[in-house]
Amino acid sequence: MPPLSLHPFPPKLIPTPSLLFNPQTPNLYPQSSHLCYQTPNSTPKRRRFGLQIKSLDAAQVFDYESKLAAQFRSSQTLTIAVIGFGNFGQFLAKTLTRQGHTVLAHSRSDHSAAAAKLGVSFFPDPHDLCEQHPHVILLCTSIISSAAVLSSLPVQRLRRSTLFVDVLSVKEFSKALFLNSLPPYFDLICTHPMFGPESARESWNELHFVYEKVRIGEEGSRAERCEKFLSIFEREGCKMVEMSCAEHDKYAAGSQFITHTVGRVLGMLRLESTPINTKGYETLLDLVENTAGDSFDLYYGLFVYNKNALDMLERLDSAFEALKAQLFGSLHDVVRNQLFGNAGKVRPLLQENVNQNGAALVRSSIAGRAPKVHVSDSFGDDNSMLRVGIVGFGNFGQFLAKTIVRQGHKVLAYSRSDYSDVARQLGVSYFLDADDFCEEHPEVIILCTSILSTEKVLMSLPLQRLKRSTLFVDVLSVKEFPRSLFLQRLPPYFDILCTHPMFGPESGKNGWNGLAFVYDRVRIGNEESRVSRCVQFLNIFAQEGCRMVEMSCEEHDKHAAGSQFITHTMGRILEKLGLESTPVNTKGYKTLLNLVENTAGDSFDLYYGLFMYNANAMEQLKRLDNAFEALKKQLFGRLHGVSRKQIFENEDDSQVI
């Protein structure tokens, strides 16, 4: 081995397995306990060891690649100052810091503790914040306070190229505010993230982010900074929508303002979940939950600072009035028919029991029993087949028949219209003559008629041709009415089961699993065969995964007036507005569109029946009317107060831009 250094008698280095290569220097260094040196006077020790070289390829502090990486990261991040560090400001800051941006914050309230948890530098004094020269000022204040907050900022301490961004829910107002209040050397972007802490608590993916580049300097660095800021939202999967502020406000009045209005009206009703929620009612509960957390200031700002909002409020008011006129007009026709000799065609049951406001009080002699609610998941393993007769083979009758046939039961059908072709495709035996139908002795007869035609259809059936133990079942959306009808019109030897599948062809198109099926065993014979047959019929729905809810008819109607009737009422009001999808739909607005879609397919007869034959419906309609009037009074009362301040007190401080 060559000598390590010049020496008259250079020692020979005998390497050992512990000889290492020092990554800090290009030289080998020995460990004394493992090396043997040979001098001229010493006896050489002949030991052979393999040379083992270990190396470490570690980037150094001043490594060129590390410097480049750091410079690149720095070029991709921004220093962003959030003005207004409340819920929404903190909501945005979480994502900004996660992406590696430097976030500063200022607010009139002390949010220093929350800022520290998020890795944000909090500045109680706006002068101190502005002296940090952030690249972007992000205004996260309320609509109403934005002008006052902006005017309080010492903008003279900022760089003259600073980018100002707002996130308000109205855009023409913020655009005018920026242009009128800020010097022309500042850049401006007006944005609206169409989501918030509640609707985007899981992710921002696929949610709309609307923006307009109001004023961006010509320098390449300023345009690049603008794109860096927008990329924050693009990286999170937002749908980036470039749109003028005027166009945004036009769409927002028809979507966001209506959504908040409906949410607040329903919030005033104090809607609660029931044991028999429909999908439509659950969407209303979700809407209330999503809007309840927003302050009245936000809603008032949407109203005052969007010039299209008043027109939309007037249209909503007109739609509600038109629906009430349609309801009461139909009620008036019924009363006139009763008074002038044509009551037999559309006479409600127990016409003498009509209360002061016109809602039918349909109660049987035993309707006053204590309400019961029982939820069951199992009805035994009896899978023997039934002969089920369906009277009224329209959409809902066909919808039920598909599943009943699939389960192997024999299905017969009768209707006033000819559905023989449809019945044949479904494997159903169809009868155009009611006598022929009844002579087949179905074990169960399901009445699938509309509420208004139920009594007439029942009375037209040749009941004498049926077996005296036949089980009669209804599927109407009101329950006290058919219960009274069956008890008064059917001979006592027939069994009676009142049911309400809380779903239909639209909401149950993907299966019935988890959907509520409400029933009341009104009258079932004591014989084991009749009890077993009732269980067999209920098992049709239990097998499909329905949530089986045993509940008295009276209790059902109490819940349904506050859920199903309200759901259909809101759906019909919104349908009259002609709401359409927009390029900037919020989650709440999509809920309203889905509600309209789910209720628009139902006939007015169904809705009128929900109103006419549920004793609780009129009270709910009055509550809805009162809630809407109270909301309008709250809006216009505040507007009146602002106007008085402008005229008599402090016009400059309260001026509405």
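Setting aside neighbours within four places in sequence, Arg 533 is in contact with Leu 386, Glu 443, Val 444, Ser 469, Thr 470, Leu 471 and Asp 495. Before I go on, please keep in mind that what you see is a predicted model. So, where does Arg 533 sit? You'll find Arg 533 in helix 18, which covers residues 528–543. And is Arg 533 buried or exposed? The relative accessible area of Arg 533 is 8%, and the cut-off for buried is under 20%, so Arg 533 is buried.

Let me step back to the whole chain for a moment. There are 657 residues, and 49% of them count as buried. For secondary structure, we have 23 helices and 21 strands. Now take the contacts between residues at least 6 apart in sequence: 72% of those join residues at least 24 apart.

Next, helix 17, residues 480–489. Of its 10 residues, 7 are buried, so helix 17 is largely enclosed by the rest of the structure. Which ones are buried? In helix 17 they are Glu 480, Phe 481, Pro 482, Arg 483, Ser 484, Leu 485 and Phe 486. As for what they pack against, the list has both strands and helices: strand 17 (444–447), strand 18 (471–474), strand 19 (495–501) and strand 20 (516–523), plus helix 16 (454–460) and helix 19.

On to helix 8, residues 245–268, and its partner helix 20, residues 587–600. How do these two pack? Their axes are 9 Å apart and the angle is about 80°. Anything from 65 to 115 degrees counts as roughly perpendicular, so that is the word for helix 8 and helix 20. On the helix 8 side, the residues that meet the partner are Gly 254, Ser 255, Ile 258, Thr 259 and Val 262, while helix 20 brings Gly 588, Tyr 589 and Leu 592. By class, that contact has 4 nonpolar and 4 polar residues, with no charged ones. An α-helix has 3.6 residues a turn, so residues three or four places apart point the same way.

What lines the largest cavity? Val 262 is there, along with Val 265, Leu 316, Phe 320, Met 570, Ile 573, Leu 624 and Phe 628. Helix 8, helix 11 (309–339), helix 19 (553–577) and helix 22 (617–649) each supply at least two residues of that lining. By class, the lining has 8 nonpolar residues, no polar and no charged.

Last stop, two loop residues with backbone angles worth a look. Glu 206 isn't a glycine, yet its phi is positive, about 70°. Glu 206 lies in the loop between strand 10 (187–193) and strand 11 (208–215), and at 43% relative accessibility Glu 206 counts as partly exposed. The other one is His 441, also not a glycine, with a positive phi near 50°. His 441 is in the loop between helix 15 (434–439) and strand 17. With 33% relative accessibility, His 441 is partly exposed.

How values were computed. Residues are numbered from 1 along each chain as its sequence is written. This is a predicted model: local features need pLDDT of at least 70, side-chain atom pairs count only at pLDDT 80 or more; totals for chains, interfaces and linings use all residues. Side-chain values use heavy atoms; hydrogens and water are left out. Axes are lines fitted to C-alpha atoms, for helices over the stretch in contact, and angles run from 0 to 180 degrees between N-to-C directions. Helices (H or I, at least four residues) and strands (E, at least two) are DSSP runs, numbered from the N terminus. Angles under 35 degrees count as roughly parallel, over 145 as roughly antiparallel, 65 to 115 as roughly perpendicular and the rest as oblique. Contact means heavy atoms within 4.5 Å. Ala, Val, Leu, Ile, Met, Phe, Trp, Tyr, Cys and Pro count as nonpolar, Asp, Glu, Lys and Arg as charged, and the others, Gly among them, as polar. On a 1 Å grid over the protein atoms alone, a cavity is a set of points where a 1.4 Å probe fits but cannot get out, and a pocket is an open set with protein on both sides within 12 Å along at least five of seven lines; lining residues have an atom within 4 Å of a point. Buried means under 20% relative accessible area, exposed over 50%, partly exposed in between (1.4 Å probe, protein chains only).
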